[in-house]
Amino acid sequence: MSQLLLGAIAMTNLTIGLFFLRFWKRTYDRFFLFFAVSFTLEGINRALLGLSYNADENEPVYYLVRLLSFVLILVAIIDKNRINKSKGDN
């Protein structure tokens, strides 16, 4: 059951990554690119976790990839707000 849920989560994350990639191709906004990379990394991480034998979700490798994914989301949000504030000051 655990592998089934990890596969579903991986598929969902990769699909969301593709949606954000499509939005980025339309607008060339870095916000969408950061989100696309973040969700794609998380999807690959979950797929590898589900495919590996006796893998634990709390192992440092899987945890660091997840941490990188969340940091990318934070960078995207901070970058988007910084750009909007600098445009409003002009």
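**View A. S69 sits in helix 3 (residues 60-89).** The model shown is predicted. S69 has a relative accessible area of 4%. It counts as buried because the cut-off for that label is under 20%. The side chain of S69 makes a polar contact with the side chain of S38, at 2.7 Å. Neighbours within four places in sequence aside, S69 is in contact with S38 and E42.

**View B. L72 is a buried residue of helix 3.** Its relative accessible area is 17%. That value is under the 20% limit, so L72 is classed as buried. Leaving out neighbours within four places in sequence, L72 is in contact with F34, V37, S38 and L41.

**View C. L72 and T12 are shown by their C-alpha atoms.** The two residues are 60 residues apart along the chain. Their C-alpha atoms are separated by 18 Å.

**View D. Helix 1 (residues 2-27) crosses helix 2 (residues 30-51).** The two axes come within 7 Å. They cross at roughly 160 degrees. Angles over 145 degrees count as roughly antiparallel, so helix 1 and helix 2 take that label. The crossing of helix 1 past helix 2 is left-handed. Residues of this contact divide into 17 nonpolar, 7 polar and 3 charged.

Key:
Residues are numbered from 1 along each chain as its sequence is written. This is a predicted model: local features need pLDDT of at least 70, side-chain atom pairs count only at pLDDT 80 or more; totals for chains, interfaces and linings use all residues. Side-chain values use heavy atoms; hydrogens and water are left out. Helices (H or I, at least four residues) and strands (E, at least two) are DSSP runs, numbered from the N terminus. Buried means under 20% relative accessible area, exposed over 50%, partly exposed in between (1.4 Å probe, protein chains only). A polar contact is a pair of N or O atoms within 3.5 Å; within protein, one must be able to donate a hydrogen and the other to accept it, and residues adjacent in sequence count only if both atoms are side-chain atoms. Contact means heavy atoms within 4.5 Å. Axes are lines fitted to C-alpha atoms, for helices over the stretch in contact, and angles run from 0 to 180 degrees between N-to-C directions. Angles under 35 degrees count as roughly parallel, over 145 as roughly antiparallel, 65 to 115 as roughly perpendicular and the rest as oblique. A crossing is left-handed if the near helix is turned anticlockwise from the far one by less than a right angle, and right-handed if clockwise. Ala, Val, Leu, Ile, Met, Phe, Trp, Tyr, Cys and Pro count as nonpolar, Asp, Glu, Lys and Arg as charged, and the others, Gly among them, as polar.
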